[in-house]
Amino acid sequence: MIDVKLLSGALGAEINGINLTDVSDENFKKINDLLLEHKVIFFRDQPLTTEQHIALAAKFGPLETHAYVKGRSEFPEIVRIIKKPDEKTQWGEGWHSDVSYNKKPTKAVVLKSIKIPPVGGDTVFSNMELAWETLDDDMKNKIKDKKAVHSSRGGGFFLDKYKAMESNGNMDEYSNTHPILRTHPETGKKILFVNWTYTKEIVGMDKKESDEILNYLFEHQARLDLTCRFKWTENAIAIWDNRSVQHYAIADFYPNKGLGFERVMDRIAVEGDNPQ
């Protein structure tokens, strides 16, 4: 019996009653249907082995390696995200859609918690289908046929503040251009596809107008009524549809607040498609 507990009215659900070690087509269809409906789904008390974690993620498609961060030595498709106790920032802080700067941005992410601080370190998600639906018509008409440039920001952005994150040797910045309004390839839903971290400019628009529109969109995307928030526990799994959502890893367990804790997560990303 599958039990679904909604996290908010906008998106997100905690799921009970599904065995994530079962990667049969029948069981995967249940997982994927829940993902498409809720955009991000969470499973607690899931002590998956590394091999089981990889097998689950691989059902969604080919697995990515990160452009800048070296994966685990024996499992290069897994990025181990580590915030050390004395570090004041957290990998993934700030609203973003994972690797939107790639020609084929990530389809989905399967994130497993390894070590969780006793307080803080939640992740917030925002529904970009709702973000498009709730834009006013004038803004929709202004941007619906436009494209935007997404920049990778270079290797230092992913490595400099995180001493436990190791470079794979690539430090160069690069960019790709994507439609501001994309269509979900499985559901046909319309998605507002820009984000605060990586989107730099609207193609064919002067800088002042581009900056004004993008800043407006970024504020709109962060509206609380579009979001849900997940409090991590150890051995929890989050799966999100990176095409439809953005997320923000909150770094609120600061050393100078007496909250200097380590946080460790294993991240596997699935290769996506060319946004259309």
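1. For the surface of this model, patches are made of residues with over 30% relative accessible area and no salt bridge, like charges being joined within 9 Å and nonpolar side chains (Val, Leu, Ile, Met, Phe, Trp, Tyr) within 5 Å. A salt bridge is a side-chain nitrogen of Lys or Arg within 4 Å of a carboxyl oxygen of Asp or Glu, and accessible areas come from the Shrake-Rupley method with a 1.4 Å probe, where for residues only the protein chains shown count as cover.

2. The model is predicted, so that local features need pLDDT of at least 70 and side-chain atom pairs count only at pLDDT 80 or more, while totals for chains, interfaces and linings use all residues. Residues are numbered from 1 along each chain as its sequence is written, and side-chain values use heavy atoms, with hydrogens and water left out.

3. A nonpolar surface patch is formed by I2, V4 and L6, which together have about 240 Å² of accessible area. Of these, L6 lies in strand β1 (residues 3-6) (strands are DSSP runs of E, at least two residues; helices are runs of H or I, at least four, both numbered from the N terminus). L6 has a relative accessible area of 54% and is therefore exposed (over 50%; buried is under 20%, partly exposed in between, with a 1.4 Å probe and protein chains only).

4. L11, placed in the loop between β1 and β2 (13-16), is buried because its relative accessibility is 4%. Leaving out residues up to four places away in sequence, L11 touches H38, K39, V40, F125, S126, N127, L226, T227, C228 and V245 (contact means heavy atoms within 4.5 Å).

5. Strand β5 is largely enclosed by the rest of the structure, because six of its eight residues are buried. β5 pairs with β13 in the antiparallel sense over five bridges (pairing requires at least two DSSP bridges), and L111 has A238 of β13 as its bridge partner. Seven bridges join β5 to β15, also antiparallel, with V109 opposite A269.
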